[in-house]
Amino acid sequence: MALATRTDRKPPPTRTFWGSTVGKKAVMAVSGLIMLGYLVAHVMGNLKVFFGPGEFNAYGHWLRTMGEPVLHYEWALWIVRVVLLAAVVGHAVSAYQLSRRDIKARPTPYAHKRRRASYATRTMRWGGIIVALFIVWHLLDLTTLTVNENAQPGHPYENVVATFSTWYGNVIYIVAMLAVGLHIRHGFFSAAQTLGVGNATRDRALKALSNILALVLTAGFVSVPVAVMTGVVS
């Protein structure tokens, strides 16, 4: 006699976690913190442009040789890229699915207007789209050198100067960095709340830290195109 097929099997824990709103928010929080850590390291590297082409180009070379001799040439860089790509995809998919759930949960407008949210909160969605589009541009500009007309392979300093010597390169970069700053300002605090770090006594400090991180990172990134425009870096 054939055995009855079980239909009451529980889904795997990972699937249950991902399928829940709490799980998606946790993925957003962790992936966001991974990207924030990358941005901190990235802006520190970018600021080396102020020390001249020798040091900046050496930094670009080090990115490809870090981890040697344990790892082969560019292996560590590709590990970073894969982790960062996973974080970006996880963050974007979680954000989209949470947004769809929120819309389905309240298909009709509120009868009474809620308290006006902060500018950063109201622009998180569009800010995320701007940043996503910028990532594509940034890779084509300074990684593959596809859209950088005056690019010189193996000369990152010269390529940065070439990019920010164009008006459109400056506009794209500065607008994107302002969007990044707003995203960090709201996202860092939200991540802390999701991961249970925030409470009544820590919220003020977390909000202040969110503002400081957003301001410092935005200023650091924007300082590079401004320096090229003003001739400080040339």
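This is a predicted model: local features need pLDDT of at least 70, side-chain atom pairs count only at pLDDT 80 or more; totals for chains, interfaces and linings use all residues.

Modeller: Residues are numbered from 1 along each chain as its sequence is written, and side-chain values use heavy atoms, with hydrogens and water left out.

Biologist: How many helices and how many strands does the protein have?

Modeller: Helices (H or I, at least four residues) and strands (E, at least two) are DSSP runs, numbered from the N terminus. Read from the N terminus, the elements run α-α-α-α-α-α-α-α-α. The count is 9 helices and 0 strands.

Biologist: What percentage of the residues in the protein is buried?

Modeller: A residue is buried under 20% relative accessible area, exposed over 50% and partly exposed in between (1.4 Å probe, protein chains only). Of the 234 residues, the buried share is 30%.

Biologist: At what angle do the axes of α2 and α4 cross?

Modeller: Axes are lines fitted to C-alpha atoms, for helices over the stretch in contact, and angles run from 0 to 180 degrees between N-to-C directions. The axes of α2 (residues 21-46) and α4 (residues 75-105) come within 8 Å. Their crossing angle is roughly 140°.

Biologist: How do the residues of the contact of α2 with α4 divide into nonpolar, polar and charged?

Modeller: Contact means heavy atoms within 4.5 Å. Among the residues that meet are Val27, Met28 and Ile34 in α2, and Leu84, Ala87 and His91 in α4. Ala, Val, Leu, Ile, Met, Phe, Trp, Tyr, Cys and Pro count as nonpolar, Asp, Glu, Lys and Arg as charged, and the others, Gly among them, as polar. The residues of this contact divide into 11 nonpolar, 7 polar and 3 charged.

Biologist: How far apart are the end C-alpha atoms of α4?

Modeller: The expected span of a helix is 1.5 Å times one less than its number of residues. The 31 residues of α4 should therefore span 45 Å, and the model agrees, since its end C-alpha atoms are separated by 45 Å.

Biologist: What covers the buried residues of α4?

Modeller: The buried residues of α4 include Leu77, Leu84, Ala87, His91 and Leu98. Leu84, Ala87, His91 and Leu98 also belong to the α4 side of the contact with α2. The cover includes α1 (13-19), α2, α3 (53-65), α6 (124-143) and α8 (167-194).

Biologist: Which peptide bond is cis, with omega near 5°?

Modeller: Most residues other than glycine have a negative phi, and most peptide bonds are trans. The loop between α3 and α4 holds Pro69. The cis bond leads from Glu68 to Pro69.

Biologist: Is Glu74 buried or partly exposed?

Modeller: Glu74 lies in the loop between α3 and α4. Although not a glycine, Glu74 has a positive phi of about 70°. Because its relative accessibility is 21%, Glu74 counts as partly exposed.

Biologist: Is Leu145 buried or exposed?

Modeller: The loop between α6 and α7 (156-163) contains Leu145. Its phi is near 65°, a positive value in a residue other than glycine. With a relative accessibility of 18%, Leu145 counts as buried.

Biologist: Which residues does Thr218 touch, not counting residues up to four places away in sequence?

Modeller: Thr218 lies in helix α9 (residues 203-229). At 13% relative accessibility, Thr218 counts as buried. The residues touched are Met177, Leu178 and Gly181.

Biologist: What distance separates the C-alpha atoms of Leu215 and Arg185?

Modeller: Leu215 is found in helix α9 and is exposed, with a relative accessible area of 62%. Leu215 and Arg185 are 30 residues apart along the chain. Their C-alpha atoms are separated by 8.3 Å.
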